[in-house]
Amino acid sequence: MIFRTLVVSLASGLFLSGAVTAQQQVLNLYSSRHYQSDEILYANFTKATGIKVNRIDGKEDELIQRIRREGSASPADVFITVDAANLQAADDAGFFVSINSTLIRDRIPIQFRGTDDRWFGFSYRARTIFYNVDKVNPADVQNYADLADPKFMGRVCVRSGGHVYNRSLMASIIYNHGNDKALSWARGVVSNLARAPKGGDTDQIRAVAAGECDLALSNHYYFARLMASDKPADQEVVRRVGIVFPDQNGKGTHVNISGGGMLKTAPNKVAAQKFLEYLTSDEAQFYFANGNNEWPVVRSAKPNNPYLEKLGGFKVDGLRAGALAQYSPKAQQFIDQAGWR
Ligand code: FE
């Protein structure tokens, strides 16, 4: 009896010391993403490396405020969020540190890497045009410029101009077409509005289906979510609305990223680099991109997503994500000048 107790306590002692070792290898991840497939991704990372992922989920502004407040004492190792302009803002605030990784440089195209490899995109999304299939000929809305065409007066729905999705699109238009065309495009869109900007991207798509407007701008994945929904009302929206990947005969469709970087103050820099490198593996790319029906940035990684397959392939505007961020202040200035609230 005594012997058995000894064996048990020895065994549990061994187990405990194993747990302690595992606890020493941690990664503190601050993320504004929260998709179920991310859980699988983190679990696989832990399985592959023994590094435990501590997740702090929150809205992006809250996380940014938190990192700022925590300062050099911040436990954050990696910060993950959406949109190049947001990543660049975090970089401008001095949050990120360069990562020297041949693996990351080889796997992530330069278009999706920030200045000096201080942040990276891991998946990308497209800003697309949606139209009412009964009222609009898709041939008439093949370009972003068409949204500003006076023939669509009073027929366009779009969320607020100050939202980062529209600001980054605007930045790409400034870069691709110059200041004058960009400003007049914003003015044209504003004069075509069916209603004052309100709601998120999904609300714009729903408004097209409901007949409140005939055209809308939205990121593609909001539509993919509706495609994936088993609610009859959502299926009805999908039936009434068509999608266009704009500017296929020009620069290509504007895309933005979900991504992240390592914090300058990261207490676990080795783990952080391993994690970011892991995100470029084909396996992690699949989960990261599919969590939000986005495309993986790594070319060898296949999305294997039925909704994306249905949407089809398209020409991507090759503008560097960093340039979007660079033109973001000017974009906001034009949005304000155009009265796009
Ligand atoms: Fe979104």
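Predicted model: local features only at pLDDT ≥ 70, side-chain atom pairs only at ≥ 80, totals over all residues.

Colleague: What makes Tyr165, Tyr221 and Tyr222 donors of the iron ion?

Modeller: Donors are N, O and S atoms within 2.8 Å of the metal (3.2 Å for Na, K and Ca); water is not among the atoms, so sites may look incomplete. The OH atoms of Tyr165, Tyr221 and Tyr222 coordinate the iron ion at 1.9 to 2.1 Å, and therefore they count as donors. Along the chain, the donors follow the spacing Y-x55-Y-Y. Distant parts of the chain are linked in this way: Tyr165 belongs to helix H6 (residues 164-177) and Tyr222 to helix H9, 57 residues apart. Helices here are DSSP runs (H or I, at least four residues), as are strands (E, at least two), numbered from the N terminus.

Colleague: Why is H9 called oblique to H10?

Modeller: Helix H9 (residues 220-228) and helix H10 (residues 232-240) pack at about 125°, with their axes 8 Å apart. H9 is therefore oblique to H10, because angles under 35 degrees count as roughly parallel, over 145 as roughly antiparallel, 65 to 115 as roughly perpendicular and the rest as oblique. The axes are lines fitted to C-alpha atoms, for helices over the stretch in contact, and angles run from 0 to 180 degrees between N-to-C directions.

Colleague: Which residues make the contact between these helices?

Modeller: Phe223, Leu226 and Met227 of H9 meet Asp234, Gln235, Val237 and Val238 of H10, where contact means heavy atoms within 4.5 Å.

Colleague: How do you know whether Asn293 is buried or exposed?

Modeller: Buried means under 20% relative accessible area, exposed over 50%, and partly exposed in between (1.4 Å probe, protein chains only). Asn293 has a relative accessible area of 10%, so Asn293 is buried. Asn293 lies in the loop between helix H12 (282-290) and strand E9 (295-296). Not counting residues up to four places away in sequence, Asn293 touches several residues, among them His220, Tyr221 and Tyr307.

Colleague: Why does Gln25 count as partly exposed?

Modeller: Gln25 has 37% relative accessibility and therefore counts as partly exposed. Gln25 is found in the loop between helix H1 (2-24) and strand E1 (26-31).

Notes:
Residues numbered from 1 in each chain as written. Heavy atoms only, no water.
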